[in-house]
Amino acid sequence: METDRKFPHRAINPATRITTEPALNCSCTGSRMVGFPVAVVLPAGGSGERMGLSTPKQFCDFLDRPLISFTIEAFERINWIQNIIVVVAKECIDLMKTIIHKYSHKRITLVVGGQTRHRSIFNGLKVFTDSQVYDSKLTKPEVVIIHDAVRPFVEEDLLLKIATAAKDHGAAGATRPLVSTVIATTSEGCLDSSLERAKYRASEMPQAFLFDTIYQAYQQCSDYDFEYGTECLQLVLQYSGSKAKLIEGPPTLWKVRFKVFLTSAELSKCSVSESLSQKACVITGVQQDAVQLAHCLEKTLLTQIMVEVISTPVGEEVSCIQNISAKEYRNIIYVIVNDTDLQEIKQLVESIGNTSLPILYPVVVIMVHLNKSESMPFSNNMDELGAIRLLAKEAKQKNILVYGLLVNYPKETEKWNDAVANVCLIAGTLIKDRNAVLAGQLFVA
Ligand SMILES: Nc1ccn([C@@H]2O[C@H](COP(=O)(O)OP(=O)(O)OP(=O)(O)O)[C@@H](O)[C@H]2O)c(=O)n1
Ligand SMILES: O=C(CO)[C@H](O)[C@H](O)COP(=O)(O)O
């Protein structure tokens with residue numbers, strides 16, 4: 001019986017293969033933007049020895065979610081990636097299923113990993129060829145992306161470049177400049193030679209391959225390659241003769257190797273959040289009170305972020321959405337007066353969902369309701385509060401976070417100024433925090 005390399009007491013049955021129940025497999029959404037079928041294999045079957053934690057790093061908490069959930073999400077949002085194959089150790093299958101369920105991940109097929117990264121990746125690829133063992137009906141992709149599950153910051157534009165280059169060259173991979181100079185040592189521990197740093201690159205992930213090219217390379221691999229190899233691009237060069245196209249990626253591509261990287265990963269995510277919170281637009285109809293409130297908000301918010309007021313006459317909603325999309329506003333404050341009908345906000349959310357805005361990062365929509373009537377809106381109709389929740393729940397599926405913010409109109413100027421300041425404070429916090437748990441809540445300014 002084969003044993004686990006890192007945990008020799010654990011026996012491995014190499015024939016063990018598990019695919020998820022049909023419920024976890026969902027049909028593909030097509031290859032709209034690339035014109036050829038693409039899938040991704042995410043190796044997540046390691047134990048993370050270098051972290052020194054009992055939980056493998058891909059399952060460690062990162063901004064209140066398991067790290068792997070962020071990586072999956074980065075691929076899930078891309079509609080031209082048809083299938084996401086997640087490779088995990090046998091003992092983590094149930095944990096992975098729970099994560100998939102909890103965060104509603106789609107298009108996932110789970111595969112049991114192997115003792116080394118290369119073995120895990122090969123298992124992931126076999127799901128497309130070994131339909132009897134895997135009992136899967138997944139269509140073999142033309143290009144397969146391979147990406148470490150512990151590299152959560154990967155963006156669509158880079159994936160597109162890598163996938164396209166792989167189609168043309170057989171293989172492609174992301175690189176970064178070397179951080180330190182690499183030197184060779186003699187057996188006596190002295191300097192032998194040093195590499196000319198500018199000539200060399202660090203090989204990172206993602207990488208992509210013509211499926212047949214990488215599959216055939218793995219079929220020819222030696223046990224030594226499987227056991228000690230760390231570079232898929234080298235395998236296709238050696239066994240399939242394909243010279244990978246190299247594409248420089250952004251600094252955020254790095255992987256979690258040691259504990260300190262999780263903290264840095266949290267910081268990177270925070271800096272992404274910060275850059276998303278730099279600008280907002282305030283949308284109103286042409287009603288005077290709404291426009292007035294919008295300009296008050298603009299004036300106060302402008303001390304913290306860039307704000308534009310867009311007043312949209314009825315019938316010009318399409319150009320409003322085009323404007324939001326073109327200027328990449330991911331923070332939208334929508335002002336309504338008295339009206340408790342959610343129809344307009346529903347349409348706004350639907351239109352935003354049809355743009356590319358929420359693909360990579362959440363869009364925040366704050367519905368500011370200025371109540372000028374004597375009675376409290378919603379007070380005698382709990383159904384309407386439920387409707388906000390429902391709307392927010394549906395919007396969340398599209399990566400849009402909807403919040404409600406109620407302002408009761410005070411007649412005195414001083415109280416009005418306070419109310420405006422409160423709206424700005426709450427809206428600013430919601431924009432900055434982008435807290436998905438609070439979506440659907442109604443705040444009172
Ligand atoms: N048998 C393995 C080993 C690694 N991986 C995955 O390959 C990726 C990159 O590998 P690495 O950073 O080396 O992960 P670990 O092997 O888990 O870490 P360590 O080397 O510190 O033990 C990770 O997402 C890891 O889960 C895998 O799928 N199967
Ligand atoms: O990037 C990679 C290949 O190019 C892989 O992540 C590889 O496994 C690197 O492993 P290590 O963490 O030991 O550098």
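A residue counts as buried when its relative accessible area is under 20%, as exposed when it is over 50%, and as partly exposed in between, using a 1.4 Å probe and protein chains only. This is a predicted model, in which local features need pLDDT of at least 70 and side-chain atom pairs count only at pLDDT 80 or more, while totals for chains, interfaces and linings use all residues. Residues are numbered from 1 along each chain as its sequence is written, and side-chain values use heavy atoms, with hydrogens and water left out.

**Helix α11**

- Helix α11, a DSSP run (H or I, at least four residues), spans residues 317–326, and its buried residues are C320, I321 and I324.
- Because they cover an arc of only 95 degrees around the axis, taken from the directions to the C-beta atoms, these residues lie on the same side of α11.
- On the other side of α11, V318, Q322 and A326 are exposed.
- The buried residues of α11 pack against β14 (279–284), β15 (306–311), β16 (331–337) and α12 (343–353), where contact means heavy atoms within 4.5 Å and a strand is a DSSP run (E) of at least two residues.

**Surroundings of ligand 1**

- Ligand 1 is surrounded by 20 residues, each with a heavy atom within 4 Å of it, and the closest are P43, G45, G48, E49 and S120.
- Both β3 (38–44) and α3 (117–126) supply at least two residues of this shell.

- A polar contact is a pair of N or O atoms within 3.5 Å, and a backbone N or O atom of G45 lies 2.7 Å from an oxygen atom of ligand 1.
- A backbone N or O atom of G114 lies 3.0 Å from a nitrogen atom of ligand 1.

Terms used. Chains lettered and ligands numbered in written order. Polar contact = N/O pair within 3.5 Å; in protein donor to acceptor, adjacent residues only side chain to side chain.
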